[in-house]
Number of protein chains: 2
Amino acid sequence: MDHHTRLSNALAGLPVDRPPVWFMRQAGRYMAEYRAIREKVSFLELCADAELACEVTCQPVDRFGVDAAIVFSDILTIPEAMGQEVVFDQGHGPRLPSPLRSLDDVRALRQPDVADALPVVPATLRSFRAARPHVPILGFAGAPFTLLCYMVEGGGSRNWLHVKRMLFSDPATATELLDRLADVVGDYLQAQIQAGAAGVQMFDTWAGMLSVEDYQRFALPAAQRAMARVSGAPRIYFTRDTSPFLHLVTQTGADAIGLDWRVDMARARAELGAVPVQGNLDPVALYAPAEEIKARVHRICDAAGPLGHVFNLGHGVLPTTPLTGVEAMIEAVKERSSPR
Amino acid sequence: MDHHTRLSNALAGLPVDRPPVWFMRQAGRYMAEYRAIREKVSFLELCADAELACEVTCQPVDRFGVDAAIVFSDILTIPEAMGQEVVFDQGHGPRLPSPLRSLDDVRALRQPDVADALPVVPATLRSFRAARPHVPILGFAGAPFTLLCYMVEGGGSRNWLHVKRMLFSDPATATELLDRLADVVGDYLQAQIQAGAAGVQMFDTWAGMLSVEDYQRFALPAAQRAMARVSGAPRIYFTRDTSPFLHLVTQTGADAIGLDWRVDMARARAELGAVPVQGNLDPVALYAPAEEIKARVHRICDAAGPLGHVFNLGHGVLPTTPLTGVEAMIEAVKERSSPR
């Protein structure tokens, strides 16, 4: 079975010879090929250059034979396109020096035309399709709520005080920002499908810091609004802490659900029914001996069952991950055959 | 109804006039009275002095009229009593300069006699009982797995690479350490009950970074082993990310379950049945306007129902929390009357 059929069948719940495998942040620092390119250009320069971005997107495809690529980019291209400055300090996370704290701040943002303002990822997708036509490539974007987190807090945070203050004290401003973001996110994902993405993933990385009540009030409707603008290819929705919201995530309208490593796969299957899922090995398991990794991969695949499962990590691969661990994971998935 | 009856009834699922209320880290930096004492002594000096610890334990009781105190101390007194150095750098979390990485490291630890090695908390409990006899006081300890996290990693961590490496590559060493910790934790909690604690809480703060499989293999049996050594007063088990394990936490043997703010109270009740619960307002909600706080408190109490609910935050109160927010929360709980 070719890579395209394997991925599209798994995301549609149709039979596959084995689960397809790709993994979040598969183009990244743990690969020497990637570090070699990053010695020449900064992270932002890499995100801004479709040919270089295509090159690093190809690296894990070529080295590991994964079943899908994910386009190299960053979720903070959207805040930038809306006029908010984003800085990546060496060795630190992103920083947004002018965080949004009021309705005036929100209204001062541009509502960009996606084709004009965000051309790099579609160009990267087209380059990859020409370079590796046998491998499907996924597009992605941050979910509206997760983008709001960075834009309001001004960077990553432990407690997200500024974000929650806005949600709890000025929900109208938060909702206006979420609505605007949802429209950009949706149009951006749609543009990626038009550029040839075989599917798209929406990362709601920080939704898991919300109570279920606040998730339903803020993150979920915004994700729904974004998803509703996207069609023509499977749409995957991922949260870093899926468990408290597991009974709600399909309300986003997503075609498949990305599960973090804390979710028990068997329980997720029971809760979600026939909805295809993606995941969910603990990224730190890749530091374990190969036999331990393989046993974990097989347990996850057994719990997921043969239909509607895309194998993945439960969060992005870590920068110090040993290549041997990645190889063991992929080998284990490739040992699978369905139906078992 | 007096404070003692209200707390013990709620923790036994018996009728109360309203839910009792206390909150995690209620003696702490957000209070000027506490900061005044910390100007004179360091955190470790405060933890080592039963009279001063009793004084700060009394502060939130006197100011807010909460229904229970929790003894002022730190969970890292146990690693110290076992011979591992613990350092608190100003403005940072704890640091353990000689982390445990091998079976030899684990076997070099002392297995302390709790009465000799950990006398301060029992003394603080006795002082509090004499000073505020009308208010019940809770004892606490870190759960074995959460203590292992600090002892192996050497401090807090984002990904807990060293901890998970030990679990995945050398589970026998991890299990030996967990067993030893469980015995100390259990004996320590029992000593606190003997010193007059009206109940004890075991904090499994970091268990939530584990997959359900690893929770069942490591954190859960260790918590069970510790709990099994404790009797004579209600035992509460808290995890910071309760949701993935909600169907398992009662297997610890705990009499009540502390819920973090991400768990939906109504779903927790449905899952846990008649087991009393404690929680679970988002600590950041205390920065919201009073009316918003009160509405959230009432929704949690409504979802919890009148029996077997101790009101609490879903995690410790934050150092910059406004007192007005704390007051609004407590006022809202005190507005409750049961049965509704």
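Me: Which residues of H4(A) are buried?

Reply: This is a predicted model, and in it the buried residues of H4(A) are Ala50(A), Ala53(A), Cys54(A), Glu55(A), Val56(A), Thr57(A), Cys58(A), Gln59(A), Pro60(A) and Val61(A).

Me: OK, and what covers the buried residues of H4(A)?

Reply: The cover includes helices H2 (32-38), H3 (43-48) and H8 (120-131) of chain A, plus strand S1 (69-70) of chain A.

Me: Where is the kink in H4(A)?

Reply: At Cys58(A), shortly before the proline Pro60(A), and the kink is about 25°.

Me: What comes just after H4(A)?

Reply: Gly65(A), which takes a positive phi of about 65°.

Me: Strands now. What's the order in the chain A sheet?

Reply: S1-S4-S5-S6-S7-S8-S9, an open sheet of seven strands with parallel pairing. S1 and S9 (309-313) of chain A are at the edges with a single partner strand each, so one side of each has no neighbour in the sheet.

Me: How many bridges pair S6(A) with S7(A)?

Reply: Three, in the parallel sense. Within that pairing, Ile236(A) sits opposite Ala256(A) in S7(A).

Me: Which strands does H8(A) lie across?

Reply: S1 and S4 (137-142) of chain A, and H8(A) runs at about 165° to S4(A).

Me: What about chain B, how do its strands line up?

Reply: In chain B, seven strands make an open sheet in the order S1-S4-S5-S6-S7-S8-S9, with parallel pairing.

Me: How many bridges does S4(B) make to S5(B)?

Reply: Five bridges join S4(B), residues 137-142, to S5(B), residues 199-204. Leu138(B) has Gly199(B) as its bridge partner, and Gly142(B) has Phe203(B). S4(B) is also joined to S1(B), by two bridges, with Ala69(B) opposite Ile137(B).

Me: Is S4(B) enclosed by the rest of the structure, or left open?

Reply: Six of its six residues are buried, so S4(B) is largely enclosed. Both of its faces are covered, with Ile137(B), Gly139(B) and Ala141(B) on one side and Leu138(B), Phe140(B) and Gly142(B) on the other.

Me: Last topic: how many residues of chain A are in contact with chain B?

Reply: There are 24 from chain A, in contact with 24 from chain B. Helix H10 (161-169) of chain A gives the most to chain A's side, with five residues.

Me: And what classes of residue are on that side?

Reply: The side of chain A touching chain B has 12 nonpolar, five polar and seven charged residues.

Terms used: Residues numbered from 1 in each chain as written. Chains lettered and ligands numbered in written order. Predicted model: local features only at pLDDT ≥ 70, side-chain atom pairs only at ≥ 80, totals over all residues. Contact = placed C-beta atoms within 7 Å. Helix = DSSP H or I, 4+ residues; strand = E, 2+ residues; numbered from the N terminus. Nonpolar A, V, L, I, M, F, W, Y, C, P; charged D, E, K, R; others polar. Bend = angle between axes of the 7 residues up to and from the residue. Buried ≥ 20, exposed ≤ 12 C-beta atoms within 10 Å, placed from the backbone. Pairing = 2+ DSSP bridges. Axes fitted to C-alpha atoms, helices over the stretch in contact; angles between N-to-C directions.
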